[in-house]
Each structure stands twice: as C-alpha cells, then as structure tokens.
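Try each one yourself before reading its solution.

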Amino acid sequence: MKIIDAHSHLWLRQDTVVDGKPIRTLENGRSLFMGEIRQMLPPFITDGHNTAEIFLSNMDYAQVTAAVVVQEFIDGLQNDYLEQVQTKHPDRFLCCGMAEYRKPGYLEQARSLLDRGFRAIAVPGHRLGTPDGGRISLTCPEMMSMFHLMESRGAILSITLEDGAVQIPEMEEVIGECPDLKIAVGHFGMVTRPDWQEQIKLARHRNVMVESGGITWLFNDEFYPFKGAVEAIREASDLVGMDKLMWGSDYPRTITAITYRMSYDFILKTRELTDREKEQFLGLNAARFYGMETELDLPYIKNMSE
C-alpha cells in the first residue's frame with residue numbers, strides 16, 4: 001500500500017516569538033514553549049534538530065513513501081532549510097514555504113518563495129491574531145492577492161483554521177474568488193472541537209481536500225487504537241466522500257506519545273473502513289492531489305521484540 005503523510009514538520013532549531021511569548025529549542029528534545037517547558041521531540045533527539053534525515057529513517061521504517069512538510073509560526077520560518085530538503089530529496093518531500101503574514105509585505109515574500117521553487121505555501125490561519133485582540137482576515141486585500149497569485153502559478157495552499165466555523169465564511173469567499181486554487185485544510189477541522197464538521201464540508205468544493213494532521217493528538221485522551229478518530233473519519237467520509245480525505249501525522253510532535261507507525265496503523269487495523277477506503281485515505285488521495293508519484297519498495301523490517 002502506498003502511504004503518504006500529508007502533514008509533517010521539520011526544523012533545525014526553534015527560535016521565535018508567538019503572541020509575545022518566546023519559543024526556544026533547549027536540550028533532550030525539550031523546548032521553551034510560551035512560558036513552559038514542553039517535550040517537543042522524543043528525548044533521544046538530544047540536540048533538538050528535527051531533521052529530514054531523522055524523519056526519513058522513521059519513514060523508511062514505517063514504510064511511508066513520501067511526506068508533505070508544512071510550516072507553523074511556533075517553529076519559526078524554516079524556508080531556507082526546507083528549500084535544501086526539497087532540493088536534496090525531491091522524490092520524498094514536498095515542502096511548503098511560509099511568509100510572515102502578521103506584518104504587511106507577505107505578498108512579495110510569497111512571490112519570492114514560488115520563484116525559489118516552492119510548490120505549496122502554508123498559512124497557519126489559526127495564528128493570525130493581532131496585538132489589539134483582532135485578527136488578520138483571510139479575505140483582506142493582500143491575502144487575497146496572494147491567493148490569486150498562487151492560483152495563477154498552480155501552487156497549493158496548506159491552511160489550518162481556527163476552531164469551529166469562525167473562518168468558514170472567509171474560506172468560502174476565498175474558494176469562490178479562486179476556484180482553481182488547490183487547498184488542503186489541516187488538522188481534520190480540529191475534529192474534537194465544536195462545529196468541526198463545517199471545516200470538513202469545505203471539501204465539497206472541487207479543489208479542496210482535508211488532511212488529518214494531528215488527529216492522534218486531538219484524540220490523545222482516548223489513546224491507541226483511537227476509535228474516536230476512526231469514527232470521525234467515517235463521519236467525514238459520509239459528509240464529503242473518502243476521496244476528499246488524506247492521512248497526516250503531525251510528525252514529530254505526535255511521536256512523543258506514540259511511534260510514527262502507530263500514527264497510521266490504527267487505520268490499517270480497524271474494521272470500520274474497507275480496504276479501498278484505507279488505500280484512498282492513507283496514500284492514493286494525497287498522491288493525486290499533490291502530484292506525488294514516487295514509487296519505492298520499502299520492506300517491513302521485523303522488530304527485535306517480535
């Protein structure tokens with residue numbers, strides 16, 4: 001089965017500020033995260049470098065063919081590093097560029113990212129708050145100009161939204177204005193929050209997909225085998241069709257609690273989905289949407305504990 005991860009993260013170091021609070025890489029996989037110490041990476045990554053090479057080792061072990069690398073403000077801008085990753089491993093990674101949307105001027109930053117070869121751009125729409133308590137609109141003139149630019153260049157928009165239906169009217173306007181812009185909505189609509197189905201319904205539009213990055217985090221209290229997550233995937237499929245849904249791991253944050261393989265094998269083992277639905281969700285849909293045609297023979301490696 002071809003497996004593609006539609007939501008992952010890479011960085012060399014975290015060194016940024018979000019909402020006036022610092023985020024800094026420490027040691028032993030820990031980070032200073034907005035006022036507290038958090039286990040950001042597995043503790044054996046002692047230098048805090050969340051690199052493509054470590055991820056590739058995890059991907060090969062878990063038999064994952066390729067991955068989409070998105071970006072988030074909490075990791076800082078990683079464009080320079082991800083450009084290197086994309087150049088070095090074009091058959092394994094599709095990396096999203098990201099601009100500094102919290103300040104004017106990001107349209108030209110996005111243009112530069114596309115000129116540098118990024119095929120997708122990430123927008124952390126849930127982190128567009130302003131110091132005065134407001135929020136940058138997804139339909140403001142500069143943002144809409146960026147979306148039109150992306151549409152004209154054939155770039156993909158990877159976006160995460162605020163909980164619930166807060167940004168749905170704006171997204172409907174974006175989709176209406178840019179009907180040929182391919183959009184991947186992240187975090188499975190923040191599935192454990194109220195009105196999450198409204199984000200899923202965006203995938204009823206022709207060029208919109210939904211990916212499940214972070215779904216095991218959202219169902220962490222339930223834990224493996226994440227029966228609630230499977231039920232949510234079934235419900236989302238009833239709303240928009242399984243051909244509109246993609247698996248994402250949210251690597252590496254989720255593997256502080258589970259292994260990378262566990263982030264998808266609960267799908268393989270469930271009886272609530274057909275074999276065809278599993279193939280679609282875990283890889284075929286992402287391969288089609290992102291144009292990731294990589295074919296690899298990644299054999300299963302038996303564990304010492306088996």
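**Exercise 1.** How far apart are the mean positions of the positive and negative charges of the protein chain?

*Solution.* A word on the ground rules first. The model is predicted, so to speak of local features we need pLDDT of at least 70, side-chain atom pairs count only at pLDDT 80 or more, and totals for chains, interfaces and linings use all residues. Residues are numbered from 1 along each chain as its sequence is written, and side-chain values use heavy atoms, leaving out hydrogens and water.

Step 1: sort the charges, with Lys and Arg as positive, Asp and Glu as negative, and His and the chain ends not counted. Step 2: place each charge at NZ of Lys, CZ of Arg, CG of Asp or CD of Glu. Step 3: with 32 positive and 45 negative charges, the mean positions come out 3 Å apart.

**Exercise 2.** Work out how the chain is built and how compact it is.

*Solution.* Step 1: the protein chain has 10 helices and 12 strands (DSSP runs numbered from the N terminus: H or I of at least four residues for helices, E of at least two for strands). Step 2: its radius of gyration is 18 Å, close to the 19 Å from the globule rule for 306 residues, so the chain is as compact as a globular protein of that length. The radius is taken over C-alpha atoms, and the rule is 2.2 Å times the number of residues to the power 0.38. Step 3: along the principal axes, the C-alpha atoms fill a box of roughly 55 × 45 × 35 Å.

**Exercise 3.** Which residues have the most contacts inside the largest nonpolar core?

*Solution.* Step 1: a nonpolar core is a set of buried Ala, Val, Leu, Ile, Met, Phe, Trp, Tyr and Cys residues joined through side-chain atoms within 4.5 Å. Buried means under 20% relative accessible area, exposed over 50%, partly exposed in between (1.4 Å probe, protein chains only). Step 2: the largest core has 89 residues, and Phe93, Tyr101, Met146, Phe147 and Phe188 have the most contacts inside it. Step 3: apart from that core lies another, of 18 residues, including Val70 and Met246.

**Exercise 4.** Is histidine 187 buried or exposed?

*Solution.* Step 1: find histidine 187 in the loop between strand 10 (182–185) and helix 6 (196–200). Step 2: its relative accessible area is 9%, so histidine 187 is buried. Step 3: compare aspartate 195 in that loop, which is partly exposed at 47%. Phi is positive in both non-glycine residues, near 60° for histidine 187 and about 65° for aspartate 195.
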